[in-house]
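Let us go through how to read a few features from a model.

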Amino acid sequence: MIFTIGGFDAMPYVVQDNFTVSCSPQFDTSNSFTALDGTACGERYMGDIISIRAELQEISTEKAAILSEILNQASFAVQYSDPVAKTATFKKPEVSAVCIFEGDNTEYWNYSISMTSLLVPCSDTESL
């Protein structure tokens with residue numbers, strides 16, 4: 001599995017069973033109409049919006065600072081797998097960060113991230 005956020009390898013921190021990738025197809029319906037038989041015609045497939053939800057655990061403060069800086073940008077590239085390796089540009093996400101302490105007072109951070117991509121355009125061979 002691949003999960004890299006703006007060059008930061010988040011995969012070692014992903015909580016198993018708490019990584020979800022979903023795809024929402026986007027259609028241009030501006031020239032669409034309903035035929036006499038009730039079928040929709042004229043919709044054009046534009047591409048997909050990708051959503052990723054992930055929980056990351058036990059990130060050291062130094063690495064968490066790097067990740068936070070990336071997540072505070074307006075947009076950034078994310079490499080992920082679903083299971084095919086892909087790359088998309090994502091908008092600034094919803095983030096929850098919680099500081100945890102180990103027995104020796106070492107600081108670590110847990111993140112809950114929910115992010116949505118910009119439109120990932122379809123290739124010419126995929127358009128309807």
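Predicted model: local features only at pLDDT ≥ 70, side-chain atom pairs only at ≥ 80, totals over all residues.

Q: Where in the secondary structure is Thr4 found?

A: Thr4 belongs to strand 1, which covers residues 3-5.

Q: Which residues is Thr4 in contact with, leaving aside its neighbours within four places in sequence?

A: A contact is counted when heavy atoms lie within 4.5 Å. For Thr4 the partners are Asp9, Ala10, Ala77, Val78 and Gln79, once neighbours within four places in sequence are set aside.

Q: How many salt bridges does the count come to?

A: The rule asks for a side-chain nitrogen of Lys or Arg within 4 Å of a carboxyl oxygen of Asp or Glu. By this rule there is one salt bridge. Its side chains are those of Asp82 and Lys86, at 3.0 Å from N to O.

Q: What can be read for Val95?

A: Val95 is part of strand 9, residues 94-101. Its relative accessibility is 38%, so Val95 counts as partly exposed. Leaving aside neighbours within four places in sequence, Val95 is in contact with Leu71, Tyr111 and Ser112.

Q: What separates the C-alpha atoms of Val95 and Ser114?

A: These two residues are 19 residues apart along the chain, and 6.6 Å separates the C-alpha atoms of Val95 and Ser114.

Technical notes:
Residues numbered from 1 in each chain as written. Heavy atoms only, no water. Helix = DSSP H or I, 4+ residues; strand = E, 2+ residues; numbered from the N terminus. Buried < 20%, exposed > 50% of the residue type's maximum accessible area, 1.4 Å probe, protein only.
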